[in-house]
Amino acid sequence: MASVNVGDRAPEFTLPSQIGAQVSLAQYRGQQAVVLFFYPKDGTAVCTKEACSFRDAYEDFIQAGAVVIGVSSDAVESHQAFASGHRLPFELLSDADGFLRKAFGVPKTLGLLPGRVTYVIDKEGVVRHVFRSQFSADRHVAEALAVVRQLAQS
């Protein structure tokens, strides 16, 4: 499975969110940068820490011109409970069949756990940053925000 890298065009997608909306990458083209973070599972310790870190920096992302979107294979109902329980202001997409994870080439950790990878995609749909780390949840947010701010200045 080939991974999507910096400079590649991000794969197109349309997936359901926790609020019942169909979300596609195309709806942001020409409008906003997209921070797309793949995480293993709703409610686990590191995933909760990561999602809450994105929540806490959410206004900074919005001010810098980016939307934040989380993706896991959990069902829409699981995302509803996770988002509600932690007051997550961004959409969580249900990639139940793993199609989007495969399209981006998100690797498994130790061959078992779904990987944790964050992509920053510019307004034109080009990947500008990729950060892979299964356990450094806070760095996903810090690195993505730094890149989004750079994009806003260019």
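**Cysteines and cores**

Cys 47 counts as buried because its relative accessibility is 2%, where buried means under 20% relative accessible area, exposed over 50% and partly exposed in between, with a 1.4 Å probe and protein chains only. This is a predicted model, in which local features need pLDDT of at least 70 and side-chain atom pairs count only at pLDDT 80 or more, while totals for chains, interfaces and linings use all residues. Residues are numbered from 1 along each chain as its sequence is written, and side-chain values use heavy atoms, with hydrogens and water left out.

**Cysteines**

- Taking a disulfide as a pair of cysteine sulfur atoms within 2.5 Å, the count comes to 0 disulfides.
- Cys 47 is in no disulfide, and its nearest cysteine sulfur, that of Cys 52, is 11 Å away.
- Cys 52 is likewise in no disulfide, and it counts as buried because its relative accessibility is 12%.

**Nonpolar cores**

- A nonpolar core is a set of buried Ala, Val, Leu, Ile, Met, Phe, Trp, Tyr and Cys residues joined through side-chain atoms within 4.5 Å; the largest one has 24 residues, and Val 35, Phe 54, Phe 61, Val 68 and Phe 90 have the most contacts inside it.
- Among the elements giving two or more residues to this core are strand E3 (33-38), helix H1 (45-56) and helix H5 (137-153), and H5 gives the largest share, 5 residues; helices (H or I, at least four residues) and strands (E, at least two) are DSSP runs numbered from the N terminus.
- Leaving aside residues up to four places away in sequence, Val 68 touches Val 35, Phe 37, Phe 54, Tyr 58, Phe 61, Phe 90 and Glu 91, contact meaning heavy atoms within 4.5 Å.
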